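Please take a moment with the sequence and the model that follow.

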There are 2 protein chains.
Amino acid sequence: MKAARTPDLQSTFRALADPTRREILVFLSQHESSIGEVVDQFDVTRGAIKKHLVILEEGGLISIHTRGRERINRLEPSALHSVNSWLQYFEQFWDNNLRNLKTAIEQRTPTNPKRKKQ
Amino acid sequence: MKAARTPDLQSTFRALADPTRREILVFLSQHESSIGEVVDQFDVTRGAIKKHLVILEEGGLISIHTRGRERINRLEPSALHSVNSWLQYFEQFWDNNLRNLKTAIEQRTPTNPKRKKQ
DNA sequence: ATAATATGGCACCAAAAGGTATCATGTCAA
DNA sequence: TTGACATGATACCTTTTGGTGCCATATTAT
C-alpha cells in the first residue's frame, strides 16, 4: 500500500512554475477528470498533458486513480500547505513593507548606509 | 519615472521555482546585500548569482539599487502577495480536504503525526 | 593617475523542460 | 472475439535553464 508520498517543497514549486499546470489545477478544482477530459481543455497533445499530470502528481498537487481504463485526476490541495507555510515566513516582512511603504515611496534618497561586514 | 513594474504571476512563480533563488530570498530577508555578499553565501559563481538576481527582480521579488559601484539587492515581499492570492483560491478545497482528512486518517494506520493547525 | 574592486555582458555548454508523433497495452462494448 | 477507446511508453526535437569563464566598464582608494 503506497501512502501518498509527501512531496518535497521543490517538486511542488516546480510543478507550480508552469502556467498550463496551474490552469490544470484550477480545472481539476472544479471536477476531477480523466486525462482525456483534461486534454480537451487545452491546446496541446495528450502526451504533453500526460507529462504535466505526472509532474503535478510528483508535486503532490493531484492524485491519480484508476477507474477502468481511465485515470481519474483529482486535485490534492493539501500539497499547497507547504507552499503556504513557506510564504508565511515572509509575511512579517511584507507587513513591515506595507507599514514602511508610505514613507519609503517618495524618499528615494539612499538613507540606508547599512554596511554590515563581519 | 519607472514605477516598480508589477510582475505577472508567471514571472513570480518562475522565480520561485529554483531552490537557490528561494534561499537567496531568505538570505535577503535578513539583510539587504550587494551581489558580492550574496555570492559569498552560495557555492556558485557570480555570473550564476547575477542571473538569479535578475530573475528574482523580474518576478518582483527583489529590487536592485545602485550604491556607488555596488548593487544593493533588497527583498520585495509584496510580490508574494499575488502568489498568496492565487493560493487562496484553493483554500476552500483544502479546507474540505482537511475535514475529510480527519475521517480518512482515523480509518488508517497512523503514519503521519503531523498536527493540523489553523 | 593607477590599481584594486564590483559589476555588466557575452559566448559557450550540458542538462532539463515542454512539446510532438508513434507504437504498445489494457479495458470496454457489441 | 474483436474493434474501439483510454492510456502508457518511447524516441526525438527545440528552447530554456542554470552554470562557467572571460573581457569590458564604472567606482573607489591610494
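In this predicted model, a polar backbone atom of A:Ile35 lies 3.0 Å from a phosphate oxygen of DNA strand D, a polar contact in the sense of a pair of N or O atoms within 3.5 Å (within protein, one must be able to donate a hydrogen and the other to accept it, and residues adjacent in sequence count only if both atoms are side-chain atoms). The side chain of A:Arg71 brings an N or O atom to 2.8 Å from a phosphate oxygen of DNA strand D, whereas for B:Arg69 the side-chain N or O atom is 3.1 Å from a base oxygen of DNA strand D. Two or more residues each are given to the surface near this strand by α3 (35–41), α4 (46–58) and β3 (70–75) of chain A and by α4 (46–58) of chain B, where helices (H or I, at least four residues) and strands (E, at least two) are DSSP runs numbered from the N terminus. The largest share, five residues, comes from α4(B).

Altogether 20 residues surround DNA strand D, and the closest are A:Gly36, A:Arg71, B:Thr45, B:Lys51 and B:His52; a residue is near when one of its heavy atoms lies within 4 Å. Of the atoms of DNA strand D that come within 4 Å of the protein, 70% belong to sugar and phosphate.

As for the numbering and lettering, residues are counted from 1 along each chain as its sequence is written, while chains are lettered from A and ligands numbered from 1 in the order in which they are written. Because the model is predicted, local features need pLDDT of at least 70 and side-chain atom pairs count only at pLDDT 80 or more, totals for chains, interfaces and linings use all residues, and side-chain values use heavy atoms, without hydrogens and water.

Turning to the fold of chain A, three strands form an open antiparallel sheet in the order β1-β3-β2, with strands taken as paired if DSSP finds at least two bridges between them. At the edges stand β1 (33–34) and β2 (62–67) of chain A, each with a single partner strand, so one side of each is left without a neighbour in the sheet. β2(A) and β3(A) are joined by six bridges, and A:His65 has A:Ile72 in β3(A) as its bridge partner.

In chain B, B:Asn73 lies in strand β3 (residues 70–75). B:Asn73 counts as buried because its relative accessibility is 0%, buried being under 20% relative accessible area, exposed over 50% and partly exposed in between (1.4 Å probe, protein chains only). A polar atom of the B:Asn73 side chain lies 3.2 Å from the backbone oxygen of B:Arg71.
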